[in-house]
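Visitor: I would like to learn how to read a model like this one, feature by feature. Could you take me through it?

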Amino acid sequence: MFRKIIHIDMDAFYASVEQRDFPEYRGKPIIVGGSPEGRGGVVATASYEARKFGVRSAMPSKRAVELCPLAIFIKPRFDAYRAVSEQIREIFSRYTDLIEPLSLDEAFLDVTTDKAGIGSAIQIAEAIRKAISDELQLTASAGVSINKFVAKIASDINKPNGMAFIGPSKISTFMESLSVEKFFGVGRVTADKMKTLGLHTGADLKKLSESELISHFGKTGGFFYRIVRGIDERPVEPHRVTKSVGVEDTFPFDLVNQEDMEAELTKLSTTLHHRLVKHELKGRTITLKIRYADFRRITRSLSFETLQDEQAILFRTARELLAETLPTEKGIRLLGITVSNFTLQTYTGNSQDPTQLKLDI
Ligand code: DCP
Ligand code: MG
């Protein structure tokens with residue numbers, strides 16, 4: 001028997017909440033996060049009006065202003081987004097308890113058996129989208145299929161405010177037509193490697209044997225082999241535990257002066273901060289990762305007694321950890337910041353988990 005999996009993702013989430021709460025922003029190109037002057041951070045998200053100009057999440061503000069000079073920059077109101085996140089989860093819970101939130105605005109639902117006895121996953125997805133629209137005045141998109149992978153990709157197909165269903169008989173053709181960038185875990189490096197191997201779509205991947213894929217891509221090769229055949233048995237896990245959340249960047253040239261390195265740490269800490277908020281996580285340990293031009297790697301960590309997620313603390317800690325490694329004659333090719341230890345130690349020695357939702361990134 002096939003499972004019934006729904007992936008729900010809110011449309012332009014932070015920006016839509018702002019446009020809902022402040023009517024003067026409706027119909028306007030707005031950017032949440034970042035700032036128009038100086039080197040103020042990165043875009044968290046942009047309204048669809050701003051996306052028409054090419055503005056995207058994680059883009060430096062400076063670039064966003066070039067693309068869309070009239071965009072209105074808005075400071076994020078994380079409490080408001082958290083509140084909406086709780087409300088959408090309450091709506092999901094009317095239909096199933098098997099809910100795996102991936103972030104504030106996104107979740108997998110297993111509705112193989114649903115609480116309301118509706119039976120049809122498509123109808124449930126539509127009922128959820130309607131409830132979100134009627135009760136919260138926001139829109140969401142949904143993907144419906146028999147596994148997580150296909151459901152997640154499907155939710156993007158008719159975005160914004162749309163739904164897509166990919167049934168078992170369509171999966172094979174769908175996976176063959178998919179470009180390799182759409183596969184989970186295909187970062188820049190893997191995507192480039194695939195291109196040099198002449199692998200552009202799922203159909204190209206399907207021509208390789210499992211051992212060929214493993215020889216090229218290691219363990220992930222096995223994942224590619226199964227996923228391109230529509231095989232994804234990963235269950236929807238309501239209490240998934242995330243151990244760390246990190247961001248890193250590889251530079252096209254080596255960084256040699258401290259100012260450039262610190263500018264990178266500003267960007268990384270901003271992105272990491274957004275990610276932590278989005279996933280409702282705070283951690284005690286901050287780790288800086290450095291890879292030098294000669295590929296030698298080092299990590300430096302600092303642990304706090306209390307949980308942290310503030311951008312300023314992430315940045316200052318990373319900067320201090322970096323300073324301890326300086327001066328260096330070698331250029332730096334990669335910098336990364338990770339937060340882990342999402343628990344507090346209690347006096348009894350038991351670990352207590354203050355952030356109930358543990359999410360896989
Ligand atoms: N976010 C962020 N930094 C990123 C990506 C996202 O801070 N690099 C935040 C802002 C988004 C929210 O997380 O509103 C949800 O992320 P999505 O990727 O789902 O993007 P949106 O919901 O904004 O847009 P879409 O309509 O494409 O889902
Ligand atoms: Mg979204």
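Guide: Gladly, and let's begin with one residue: Ala323 is found in helix H13. Helices here are DSSP runs of H or I with at least four residues, strands are runs of E with at least two, and both are numbered from the N terminus. This is a predicted model, in which local features need pLDDT of at least 70 and side-chain atom pairs count only at pLDDT 80 or more, while totals for chains, interfaces and linings use all residues. Residues are numbered from 1 along each chain as its sequence is written, chains are lettered from A and ligands numbered from 1 in the order in which they are written, and side-chain values use heavy atoms, with hydrogens and water left out.

Visitor: Is Ala323 buried, exposed or partly exposed?

Guide: Buried means under 20% relative accessible area, exposed means over 50%, and partly exposed is in between (1.4 Å probe, protein chains only). Ala323 has 39% relative accessibility, so it counts as partly exposed. In sequence Ala323 is 65 residues from Gln258, yet their C-alpha atoms are 8.4 Å apart in space.

Visitor: Where is Thr325, and what does its side chain reach?

Guide: Thr325 is in the loop between helix H13 (311–323) and strand S12 (332–340). Its relative accessibility is 13%, so Thr325 counts as buried. The side chain of Thr325 reaches the backbone oxygen of Leu322 at 2.6 Å. That is a polar contact: a pair of N or O atoms within 3.5 Å, where within protein one must be able to donate a hydrogen and the other to accept it, and residues adjacent in sequence count only if both atoms are side-chain atoms.

Visitor: Now the ligand. How many residues surround ligand 1?

Guide: A residue joins this shell if one of its heavy atoms lies within 4 Å of the ligand. There are 16 around ligand 1, and the closest are Asp9, Ala12, Thr45, Tyr48 and Arg51. By class, the shell has seven nonpolar, three polar and six charged residues; Ala, Val, Leu, Ile, Met, Phe, Trp, Tyr, Cys and Pro count as nonpolar, Asp, Glu, Lys and Arg as charged, and the others, Gly among them, as polar.

Visitor: Which side chains make polar contacts with oxygen atoms of ligand 1?

Guide: Among them is Thr45, with a side-chain N or O atom 2.5 Å from a ligand oxygen. A polar side-chain atom of Asp105 lies 3.0 Å from an oxygen atom of ligand 1, and for Lys159 the distance is also given as 3.0 Å. The protein covers 83% of the 550 Å² of accessible area that ligand 1 has on its own, by the Shrake-Rupley method with a 1.4 Å probe. Strand S1 (5–10), helix H1 (13–21), helix H2 (48–51) and helix H12 (258–278) each give two or more residues to the shell.

Visitor: Which domains does the chain have, and which supply at least three residues each to that shell?

Guide: The bounds come from an automatic or database domain assignment, which gives domain 1 (5–11 + 80–168), domain 2 (14–74), domain 3 (171–227) and domain 4 (244–352). Domain 1 and domain 2 each supply at least three residues to the shell around ligand 1. As for domain 3 and domain 4, their centres, taken over C-alpha atoms, are 31 Å apart.

Visitor: What about a nonpolar core?

Guide: In soluble globular proteins, nonpolar side chains tend to be buried together. Such a core is a set of buried Ala, Val, Leu, Ile, Met, Phe, Trp, Tyr and Cys residues joined through side-chain atoms within 4.5 Å. In the largest one, of 38 residues, Ile6, Tyr81, Phe92, Ile128 and Ile132 touch the most other members. Elements giving two or more residues to this core include S1, H1 and helix H4 (78–92), and domain 1 and domain 2 each provide at least three.
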